Amino acid sequence: SINAVIFDLDGVIVSTDDCHYRAWKMMADEEGIEFNREINERLRGVSRMESLAIILVKSEKEYSSEEQVELATRKNNYYVDLIKELSPADILPGVMDILTELKARGIKIAIGSSSRNSPAILKNIGLGGYFDAEADGNHIQNSKPDPEVFLLAAERVGVSPVECLVVEDADAGVEAGLAGGMPVLGVGAASVNPTATLQADDLSKITVDQML
Ligand code: G16
Ligand code: MG
C-alpha cells in the first residue's frame, strides 16, 4: 500500500519551464550560443551543471570549468529574478485538491526536486512548510536519473520506498523513481512515458483513489 507521495516540483506542482527557458536564453544569447525551446525540453529534471553541458554542445567556444561555473551562476541569477514573480496562482491544475485530500487521509507528502531553488519556489507559491519533508538539489550528490533525491525524501518521511509513489514530469525522474524501487505516476511530458506505473495528463485528471 502507498503511505507517502513524493512530488517532483518543477512541472508537477508548478510550471517553471518558461522561467528556466528565458534565463538560459538570456545567457546563451549573450554568449552567441544557439538555444531554443526544443533544447530546453531536454533540460527537464536535469541538474543545473548537466543542463549547461547539454547547452554547450552547440557552442563553438570551449569554456574552462571556472567559466562554466560563471555561465551557470549568471543563468541562475536571471532565474532567481524571474521566479520572484511566481505566486499561488501558478500552482498547476488539480494539485491543491490532491494535496489536501492526501493530508486528510494521513498520507505523508514530500518534495523530491533537482532544483536548488526549491525552497524559494515553494515559499513564493505559498507552500513553504506545507510538506512533511523536502529533499532537493541542495541535499544530494547525484541528480536524477539517480534515485538519491527520492530515497532521501522517503527516509525523511519515514516510509519505505516501496510504499512511496513518485509523481514526475521528466523521463529522468521516472527512471529515478523506478530505480529507487518506487511506483511512478508520470504527468505532463512524462504522461506518455511507457515505463511509468501510472499516467495522467495532469493532477486534475486522476483521483487519490487511483493513485493509492
Ligand atoms: C528542476 C528542473 C530542471 C532544472 C533543475 C535544477 O528539477 O526541472 O530543468 O535544471 O531543477 O534547477 P536549479 O538550477 O534551480 O537548481 P525538478 O526536479 O524540480 O523538476
Ligand atoms: Mg520536473
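Predicted model: local features only at pLDDT ≥ 70, side-chain atom pairs only at ≥ 80, totals over all residues.
Student: In what order do the strands of the open sheet come?
Tutor: The open sheet has six strands in the order 3-2-1-4-5-6, and their pairing is parallel.

Student: Which are the edge strands?
Tutor: They are strand 3 and strand 6 (198–199), each of which pairs on one side only. Strand 6 is joined to strand 5 (residues 184–186) by two bridges, and glycine 186 stands opposite glutamine 199 there.

Student: What about strand 2: is it mostly covered or mostly open?
Tutor: Strand 2 covers residues 108–112 and is mostly covered, with five of its five residues buried.

Student: And which way do those residues point?
Tutor: Lys108, Ala110 and Gly112 point one way, whereas Ile109 and Ile111 point the other way. In a regular strand, side chains alternate between the two faces of the sheet.

Student: How many bridges join strand 2 to strand 1, and how many to strand 3?
Tutor: Four bridges join strand 2 to strand 1 (residues 4–7), and isoleucine 6 stands opposite alanine 110. With strand 3 (residues 133–135) there are three bridges, and isoleucine 111 stands opposite glutamate 134.

Student: What unit do strand 2 and strand 3 make with helix 6?
Tutor: Together with helix 6 (residues 118–124), they make a right-handed β-α-β unit.

Student: Where does helix 7 lie?
Tutor: Helix 7 (residues 148–157) lies across strands 1, 2, 3 and 4, and runs at about 150° to strand 2.

Student: Changing topic, which residues come nearest to ligand 1?
Tutor: Of the 20 residues around ligand 1, the nearest are Asp10, Ser113, Ser114, Ser115 and Arg116. By class, the shell has four nonpolar, eleven polar and five charged residues.

Methods. Residues numbered from 1 in each chain as written. Chains lettered and ligands numbered in written order. Buried ≥ 20, exposed ≤ 12 C-beta atoms within 10 Å, placed from the backbone. Pairing = 2+ DSSP bridges. Right-handed = clockwise from strand over helix to strand, strands pointing away. Near = placed C-beta within 6 Å. Nonpolar A, V, L, I, M, F, W, Y, C, P; charged D, E, K, R; others polar. Contact = placed C-beta atoms within 7 Å. Axes fitted to C-alpha atoms, helices over the stretch in contact; angles between N-to-C directions.
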